[in-house]
Amino acid sequence: MAEDSWKSFFLSVFDYKTEKYVIAQNKKVGILYRVVQLAILGYIVGWVFITKKGYQETEESIQSSVVTKLKGVVLTNTSDSSLHLWGPEDYVIPSRGERVFAVVTNFIETPNQKLTYCAESPRVRDGWCRTNEDCIPDTEVIAGHGIKTGRCLKTGPNTTGTCEIFGWCPIERSRKAEKPLLGKAANFTVYIKNTIRFPKFEFSKSNVLDTEDDSYLKNCSYNKISHPYCPIFRLGDLVHWAGHDFHEMALLGGSIGVLIEWNCDLDKGFSGCDPHYSFIRLDAASVNKTVTSGYNFRYVKYFRDATGAEFRNLTKAYGIRFDIMVNGKAGKFNIIPTIINVGSGLALMGAGAFFCDLVLLYMMKKSTFYRARKFESAKNCKTNGEGVRKEEKSNKCLPERVQLTDLSPES
Amino acid sequence: MAEDSWKSFFLSVFDYKTEKYVIAQNKKVGILYRVVQLAILGYIVGWVFITKKGYQETEESIQSSVVTKLKGVVLTNTSDSSLHLWGPEDYVIPSRGERVFAVVTNFIETPNQKLTYCAESPRVRDGWCRTNEDCIPDTEVIAGHGIKTGRCLKTGPNTTGTCEIFGWCPIERSRKAEKPLLGKAANFTVYIKNTIRFPKFEFSKSNVLDTEDDSYLKNCSYNKISHPYCPIFRLGDLVHWAGHDFHEMALLGGSIGVLIEWNCDLDKGFSGCDPHYSFIRLDAASVNKTVTSGYNFRYVKYFRDATGAEFRNLTKAYGIRFDIMVNGKAGKFNIIPTIINVGSGLALMGAGAFFCDLVLLYMMKKSTFYRARKFESAKNCKTNGEGVRKEEKSNKCLPERVQLTDLSPES
Amino acid sequence: MAEDSWKSFFLSVFDYKTEKYVIAQNKKVGILYRVVQLAILGYIVGWVFITKKGYQETEESIQSSVVTKLKGVVLTNTSDSSLHLWGPEDYVIPSRGERVFAVVTNFIETPNQKLTYCAESPRVRDGWCRTNEDCIPDTEVIAGHGIKTGRCLKTGPNTTGTCEIFGWCPIERSRKAEKPLLGKAANFTVYIKNTIRFPKFEFSKSNVLDTEDDSYLKNCSYNKISHPYCPIFRLGDLVHWAGHDFHEMALLGGSIGVLIEWNCDLDKGFSGCDPHYSFIRLDAASVNKTVTSGYNFRYVKYFRDATGAEFRNLTKAYGIRFDIMVNGKAGKFNIIPTIINVGSGLALMGAGAFFCDLVLLYMMKKSTFYRARKFESAKNCKTNGEGVRKEEKSNKCLPERVQLTDLSPES
């Protein structure tokens, strides 16, 4: 007996149980369901598989190395520093070929600053004074250039003056330049070498064209249409492609983002992985806002004169900062995401069926009829022992359409 | 005939097939299922839609540009370098307004080092010696300061000495400072300008308040409550908000992370996208560990004396490194993620039903009855030709409740 | 009546409705379905839960701080700069202990450049000329070293010469070194301190072994097997582990990526989170490509001679750039992803059942029979008023196996 029941259990494990369906010959809902099915199928095939390449395993953690090198020279002639020839080692800061670098395009020099006494700049609010009491001695001017001495320097008795400070004098001049001193920097070229690697797929590639023609790489100039694989860019073009004018930007500085995107379909092999460049201005949220845009920084050089006294040259440099940003992802066919995506697409069909059911059961004229068809009552009748049921008088206790004689061999 | 069957096939394609359900009038499982449904609904509405904004397409690849500018001066007076006024161009390293910068807060100077012979520092283990044989001539001291000459310099016959080296002498002093020389750096202010852009949504914004009032941006100071949109921060506050004391940290240096998070709900337009600042100490895994915390670096300046001999000034600078980290994501309503999330939420209902089925069919007292109701046997009887079945004597062969006469028009 | 129907509605809400299944006693499909179920179960348990730890909430936005410090000295003796001892403050650029740093391994010096007239380098194509007309005066040589004067300097009447320029003369020599001047840099050591933090879990850790033994951290050297927790690396080893030779790479420079991966299982606590190091060469897409690999940069030092005339020393430095890349993720048990993953795994079962249904209904010999069992017709008959149906003559109108007397109490 036990052996028998184990055998039947074992056999019943391999019975396939499939959901019972009711065919509702309602063409409206039928067509609706087919439309929903087609939409889901279209979504799976068109969006998940073709657009999003859902059959691929993807890798987003790209390893990237960027080395830059600028070329070009420019001659400047200012009253302070006389003739000077600027090479990449001067105007690229830092000059180490970094991913982020600034090209000096304009500068204001304040030579021969000495540590002595002078008036604070009127642009520093904390340096304003009306009497000597406003200048507390031996305190720093907040956001200023030196230490207050306690004297208030004024041009007239009723005017607002500025505190005298001990600091590097004279204070930096704030001259407004009409045109950038290194405006010719637009013709400088930058060579951008970007090597990427997708560790999961052990795939690496460089943006430099894999060519035997060494001279091509020395003389080409990137252009989206004619030279898309040349890694040499004219600075003026970079700014232009970002939607701005180089000379205008050179005056007060700015920040340009060079985006390199690698969207690699490794199923297509080595050629399915090419860099795509785009160029944006980073420092201005909107085009016409001048309050917050611009880029400048200061640097100093210290010297000692013949008497041993220290003096310094202060340079406020305006420049265009280039930020080479690399991102990318690679995809390669893999069975697991394929199955997952097919599976979850099919699971979506269930949601579609649920929606159609709602329409059928509650929004059709004959909903009551369909509900009766779909839902079969299984009222729990009193039972006599195990699985053997008493014939009941009342029909209500019985499940719909159930003939009890059929049940006995089953239960 | 063929036309007829095609027509009936075509019509049957638009028949809607809906799963047949058995109503188990079991209140326990019924309530359980409703609870499960409510939980899933709550999860979909509360978690997926309200908390995670599942109706939005999101973009996590933020493009960010950070420019910093420090203000403030401090006067130092050391025996080695006499009076010196430190401005941003001196104490900010690098001084180019980078995203990551260090502010020098303390330093040890070793002036006038010359390339000559002296004893290696006793802190370098490879420089320890007992006899001249321990100092192999013309080899570098590992992690040391020069080249061994072969002599062992000792104070007594039985003591451990250090090898004589050829290097920059005198060796750097390791003086423990009591208080930081630039302790007043706590009052310096840093202006952080962060412009972000979400390329997918073509949305860009800056953390600098879009105000006409130019003087506000010159004089405000960030405060979470009173000035949340002011981009100027006091260094002392930054360290304090990270849970540390500026003067303590200034002594041996450290690293502070300034996190700017942009969590943008672009459905709310421009105002739904504001920066949120937070501040942490980066260099110490735990607060009380002093072994591994701190931040210092060295730099040198080379000079030539009147005779043309080279000498140098070595500075070991302790500083606080600030790392402005920007991350963010933006979301905007999109129909595809909405459908996906609703669909997969509904698909979860299937799992809930599966669980309730298990309870109904195997854990209820009347499970046997429900199993009989739920599973309908479809034994495969012998058939006579297509779809026409012989009347069988045995009832067992027949599917439960099937009247064969009903079948014939169907198959 | 209304009260009664509300009551019955309220009761029916808590009726549990379960899908009716047809048991198809087809062992082939039964076994197929069990295999599919086992595969999905295996996928959920093996892949989603054990391999991908699907029961964990994960955090990928790691906050990382890297500080590096190099040790070691080397003595160079070149004809141009005579004896010089290089310490970390000289050969590490930048010397601030950054995440990305270059170690100078070789250099070419061009001392005493003066702003004067000389011939452009023959390697610059824009400087080539045959007659003076090729050298337009006062234009910059593209990618060159100075401003054309208008003269073409040639060695013979029929040769190609180069334009005379006004620039820093003499032009940099392009000497090919046989061996790197700082080849001993292979013995330098770098101490890498990396502190990470997962903000969501408020967990932070450092790669520096949390040991009391201070001297261990001073004298150990990283080795994958014997010292996996020592944060001190020999430069020569780093290059070797990346699959290259230090001396070969030192000659023309290169770029090495040091990857620190934190794959943290926070359910295992503090010890479940250890750094894993790996080393790759970043600058060469393929091993044998020499055209695009290498790393060098130039820097200048400006001087004034006794007469006040400016001159400069130009150094072209070859170096190995080290880029410490940190990434990581942390996972911790959370009920929501657990439920989602179980749920969507179960939802996948639906797709499995759909596939088995296709096999059963269209690929088995007795498919017609199973289709008849699975799909129950619910033709819409004419009804008399609400829910009460006329006995129809034709059997076709009736749903399969429905006895109308059963229906009346239901609808």
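## Model and terms

Helices (H or I, at least four residues) and strands (E, at least two) are DSSP runs, numbered from the N terminus. The model is predicted, so local features need pLDDT of at least 70 and side-chain atom pairs count only at pLDDT 80 or more, while totals for chains, interfaces and linings use all residues. Residues are numbered from 1 along each chain as its sequence is written, chains are lettered from A and ligands numbered from 1 in the order in which they are written, and side-chain values use heavy atoms, with hydrogens and water left out.

## Cis peptide bonds

In chain A, residues A:C169 and A:P170 are joined by a cis peptide bond, with omega about 0°. A:P170 sits in the loop between β11 (161-169) and β12 (189-198) of chain A.

Chain B has a cis peptide bond between B:I93 and B:P94, where omega is about -5°. B:P94 belongs to the loop between β7 (92-93) and β8 (100-119) of chain B. Most peptide bonds are trans, and most residues other than glycine have a negative phi.

## Positive phi values

B:N112 is not glycine, and its phi is positive, near 60°. B:N112 is part of strand β8 of chain B.

B:E202 is found in the loop between β12 (189-198) and β13 (203-206) of chain B. Its relative accessibility is 68%, so B:E202 counts as exposed.

## Salt bridges

Over all chains the count comes to 45 salt bridges (a side-chain nitrogen of Lys or Arg within 4 Å of a carboxyl oxygen of Asp or Glu). In chain A, the side chains of A:D237 and A:R234 form one of them, with N to O at 2.9 Å. A:R234 has 27% relative accessibility and therefore counts as partly exposed. A network of salt bridges links A:K53, A:D265 and A:K268.

B:R312 and C:E89 form a salt bridge, and their closest N and O atoms are 2.9 Å apart. This pair crosses between chains: B:R312 is in strand β18 (residues 310-333) of chain B, and C:E89 is in helix α3 (residues 88-91) of chain C. B:R312 counts as buried because its relative accessibility is 3%. C:E89, at 15%, counts as buried too. Within chain C, C:E164 and C:R151 form a salt bridge with the closest N and O atoms 3.1 Å apart. C:E164 has a relative accessible area of 11% and is buried, whereas C:R151 has 47% and is partly exposed.

## A positive patch

A surface patch of positive charge contains A:K71, A:K218, C:R123 and C:K176. Patches are made of residues with over 30% relative accessible area and no salt bridge; like charges are joined within 9 Å, nonpolar side chains (Val, Leu, Ile, Met, Phe, Trp, Tyr) within 5 Å. Lys and Arg count as positive, Asp and Glu as negative, and His and the chain ends are not counted; a charge is placed at NZ of Lys, CZ of Arg, CG of Asp or CD of Glu. Areas come from the Shrake-Rupley method with a 1.4 Å probe, and for residues only the protein chains shown count as cover.

A:K71 is located in strand β4 (residues 63-71) of chain A. Its relative accessibility is 39%, so A:K71 counts as partly exposed.

## Positions from the UniProt record

An unreviewed UniProt entry gives the annotation "binding site" to A:K69, A:L70, A:K71, A:T189, A:N296, A:F297, A:R298 and A:K316. These residues are spread over 248 residues of sequence and also spread in space, up to 24.5 Å between C-alpha atoms. Among them, A:F297 is in strand β17 (residues 296-304) of chain A. A:F297 counts as buried because its relative accessibility is 3%.

The unreviewed UniProt entry also has the feature "glycosylation site" at A:N187. A:N187 is in the loop between β11 and β12 of chain A. With a relative accessible area of 47%, A:N187 is partly exposed. UniProt positions are given in the numbering used here, feature names are shortened, and annotations may be inferred rather than shown by experiment.

Definitions and conventions. Buried < 20%, exposed > 50% of the residue type's maximum accessible area, 1.4 Å probe, protein only.
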